[in-house]
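Colleague: I would like to learn how to read a model like this one, feature by feature. Where do we begin?

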Amino acid sequence: MLETLRNIVQEVNAAEGLDDALGIIVRRVRVAMHTEVCSVYMRDASSERFIFRATEGLNQELVGVASLAAGEGLVGLVAEREEPVNLENAENHPSFQFLPGIGEEQYHAFLGVPIIHQRDVLGVLVVQQAHRRRFDESDEAFLVTMSAQLAGVIAHAQVTGALREDILPGEGGAQAKIGGVPGAPGVAIGTAVVISPNADLYAVPAREAEDRRQELRAFRDALQSVRKDIQAVAENLGSELNPEDHALFDVYLGILDDSAIGAEVISRIKGGQWAQGALSQVMIQHIRHFERMEHSYLKERAVDVKDLGTRVLAYLQAEDKQELSYPDHTILVSEELTASSLGEIPREKLAGLISVRGSGNSHVAILARAMGVPTVMGAVDLPYTRLQDREVVIDGYNGNVYLNPLPEVIQKFREVLDEDRALSLDLESLRDLPCVTLDGHRMPLWVNTGLMADVTRSLEQGAEGVGLFRTEVPFLLRERFPSEEEQRQIYRNQLAAFAPRPVTMRTLDIGGDKALPYFPIEEDNPFLGWRGIRVTLDHPEIFLAQVRAMLKANEGLGNLRIMLPMVCNVSELEEALDLIHRSHREVVQEGFAGDLPPIGVMVEVPAAVYQARAMARRVDFLSVGSNDLTQYLLAVDRNNARVADLYHSLHPAVLQALAAVAAASKAENIPLGICGELAGEPEGAVLLLAMGYDMLSMNATSLPKVKKALRNVNVAEARDLLAQVMLLEEAGAVQQRLEHFLAEHGMEKFIHHPVE
Ligand code: PEP
Ligand code: MG
């Protein structure tokens with residue numbers, strides 16, 4: 001049963017569009033369940049009707065023609081009740097509705113299950129039989145399982161299929177709005193440039209060849225190189241292989257032959273595709289073909305074909321590496337954006353970013369916010385490989401991407417752009433003013449940094465210090481661990497650029513969604529795994545080198561602060577402190593002058609909230625990492641778009657935790673800061689002021705907005721607001737109350753609702 005289920009889902013997954021997918025479903029389910037009829041009715045969002053979209057056993061001619069209104073007939077009943085309906089004799093049921101011409105008169109037994117994706121009823125899957133009998137429990141369970149598994153695939157095919165047919169071919173196609181997750185605020189109108197991860201056949205953008213002859217040459221060279229590689233492997237393995245295995249290598253070479261797959265690729269290139277696109281399209285077709293085969297030996301050959309295709313692609317990409325050119329207003333699109341991909345494009349050309357994977361608090365989104373680049377994350381239904389060179393609008397405030405945008409939509413976004421420009425001009429005038437509330441309370445505003453480019457931006461925005469230097473960023477951009485001396489120089493640059501302002505350097509925080517290419521950590525649950533201080537305590541050589549580099553860089557400046565990430569136990573903190581003390585003794589012995597800098601700990605896991613006082617007694621400052629604290633308190637992976645709606649940094653539980661840490665730091669009388677993204681939200685900043693936070697650290701782009709907000713309020717009214725908000729029991733209510741507060745204080749410009 002499981003095998004059948006898996007095969008059907010796999011086949012549907014490989015379908016080319018919605019009709020193909022539904023066709024496979026009705027065919028395969030009918031056979032698997034030994035029934036006479038299997039049909040799918042899909043809900044049409046505009047008419048709210050259930051359209052008869054695919055069938056095996058009923059009248060094919062009515063496919064796309066017959067339909068039922070919501071709540072009408074048994075199909076409507078299944079959809080309305082959102083649960084299966086299983087009947088021995090359908091026409092005896094009061095809801096039964098006769099659809100003339102569809103041909104179901106002879107079928108009595110009826111089993112319908114809803115197809116539900118993310119709480120939405122997409123359609124109804126029905127099986128029918130002539131024989132009067134109730135489908136048994138296992139039939140019902142099978143169909144329910146089938147439908148639950150297929151719902152996601154169908155939803156995806158629905159969006160991308162619609163795009164394929166209506167939007168992408170002609171310039172005049174309909175507009176499509178694809179929902180994602182807000183990544184970095186701002187809007188952008190620009191041209192898509194799709195970048196693909198290395199050698200991934202499924203992520204190659206379709207693109208026209210600029211020079212067909214050159215593409216042909218590149219393809220033939222790549223083929224030749226792979227052939228040589230395979231021959232070399234075969235020769236190396238020579239005597240270890242038996243004749244059948246040797247024959248396999250001949251098969252591989254045959255597949256690559258000019259007259260086989262090679263010929264198909266060549267003909268596509270001659271038709272105008274670039275070599276990578278032509279190769280990927282042909283290889284994917286063949287892989288699908290093999291995957292659909294019943295025979296398991298042949299099915300497994302799909303893996304070989306994929307491997308060969310990937311090898312050829314790798315050669316083509318190596319050849320093309322330098323050739324990617326970026327138009328003005330580039331919107332960089334990728335299946336999974338990484339920190340290093342941001343570095344590849346000149347900043348002045350970059351207007352926006354779209355990542356199909358990841359979520360609003362993925363680290364790449366945080367970097368994008370720091371750079372001030374509007375970003376949409378988690379646009380899972382975006383047919384991203386087909387967007388090269390197309391005009392795209394992104395709304396980073398609300399997490400939407402518009403394809404084939406209508407002129408009036410572009411106009412609305414131009415207005416938003418103009419307003420944003422005016423607002424930032426207005427905010428610029430605050431640059432040299434202090435962040436003081438109306439009643440004279442001073443709130444230091446610091447910045448979070450990681451890239452050297454952040455320095456200028458931060459200073460331009462009037463940063464008073466660095467509350468978080470993410471040291472892993474320079475580690476991410478390299479091909480090996482930086483040496484102690486290389487690190488010393490990087491840290492020296494940061495410290496010197498901000499001196500005499502304080503710079504808080506966090507020790508290496510890798511793991512989670514930050515994997516170093518040269519130090520891979522593969523885990524089922526990376527955010528609950530080997531991360532942050534856990535890694536560096538297990539590798540004292542990495543930790544010691546880093547701390548030594550920081551201490552040496554601090555010589556003669558004295559503005560360093562050291563901060564420890566992901567601490568869950570007092571023992572971890574003590575071990576880390578021992579290592580820091582040891583490094584300090586060592587560098588002093590080596591002749592470097594300088595006192596031990598202030599040392600702080602991040603409060604970013606629930607355990608640290610409850611032990612904040614114990615932690616506080618051992619260090620010089622606390623700093624809340626609200627990004628992780630939110631994900632761990634709410635059990636919502638910050639990197640997962642599917643649960644992004646549940647990630648809410650204004651959730652009452654998060655607010656309680658933030659207030660508890662403030663109370664703990666007060667009780668122990670040590671300074672408390674926050675360096676999570678919440679500090680950069682104007683409404684968040686007002687609450688943190690009221691809770692008694694001593695410093696807010698945020699991305700440089702947010703700083704002027706926060707300054708504006710705090711200069712507009714006084715502490716008494718912020719405390720009033722906090723008292724009201726702490727009584728609310730739901731994140732949405734908190735959000736609403738805060739938006740209302742901003743509006744009351746003339747800051748409605750900080751609130752952005754989606755353009756319809
Ligand atoms: C945090 O978790 O809030 C934080 C500031 O650290 P990072 O976002 O780098 O995990
Ligand atoms: Mg963190």
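**Reading the features**

Modeller: Begin with the contacts of one residue. Leaving aside residues up to four places away in sequence, R288 touches A14, A15 and E16. Keep in mind that this is a predicted model.

Colleague: Which helix holds R288?

Modeller: R288 belongs to helix α8, which covers residues 275–291.

Colleague: Is R288 buried, partly exposed or exposed?

Modeller: Buried is used for values under 20% relative accessible area and exposed for those over 50%. R288 has a relative accessible area of 21%, so this residue is partly exposed.

Colleague: What separation is there between the C-alpha atoms of R288 and L544?

Modeller: Those C-alpha atoms are 51 Å apart, and the two residues are separated by 256 residues along the chain.

Colleague: Now the metal. Which residues coordinate the magnesium ion?

Modeller: The magnesium ion, ligand 2, is coordinated by E604 through OE and by D628 through OD, at 2.0 to 2.2 Å. E604 sits in the loop between β19 (599–603) and α19 (606–610), while D628 is in helix α21 (residues 626–634), and the pair links distant parts of the chain, 24 residues apart. Both E604 and D628 are buried.

Colleague: How many residues surround ligand 1?

Modeller: There are 17, and the closest are R470, R506, G625, N627 and R638.

Colleague: How many aromatic pairs does the structure hold?

Modeller: It holds 7 aromatic pairs. For each pair, read the distance between ring centres and the angle between planes. F481 and Y518 are edge-to-face, with 5.1 Å centre to centre and 80° between the planes.

Colleague: Why does this pair tie together separate parts of the sequence?

Modeller: Because F481 lies in the loop between α14 (472–476) and α15 (484–498) and Y518 in the loop between β17 (503–506) and α16 (533–538), the pair joins parts 37 residues apart in sequence. F475, F481, Y518, F519 and W530 form one aromatic cluster.

Colleague: Where do charged ends sit over rings?

Modeller: The charged end of R207 sits over the ring of W274, 4.1 Å from its centre. Likewise, the charged end of R561 sits over the ring of F621, 3.8 Å from its centre.

Notes. Residues are numbered from 1 along each chain as its sequence is written. Chains are lettered from A and ligands numbered from 1 in the order in which they are written. This is a predicted model: local features need pLDDT of at least 70, side-chain atom pairs count only at pLDDT 80 or more; totals for chains, interfaces and linings use all residues. Side-chain values use heavy atoms; hydrogens and water are left out. Donors are N, O and S atoms within 2.8 Å of the metal (3.2 Å for Na, K and Ca); water is not among the atoms, so sites may look incomplete. Helices (H or I, at least four residues) and strands (E, at least two) are DSSP runs, numbered from the N terminus. Buried means under 20% relative accessible area, exposed over 50%, partly exposed in between (1.4 Å probe, protein chains only). Contact means heavy atoms within 4.5 Å. Rings of Phe, Tyr and Trp (its six-membered ring) pair if their centres lie within 6.5 Å; planes under 30 degrees apart count as stacked, over 60 as edge-to-face and the rest as tilted. A charge sits over a ring if NZ of Lys or CZ of Arg is within 6 Å of the ring centre and within 35 degrees of the ring normal. A residue is near a molecule or strand if one of its heavy atoms lies within 4 Å of it.
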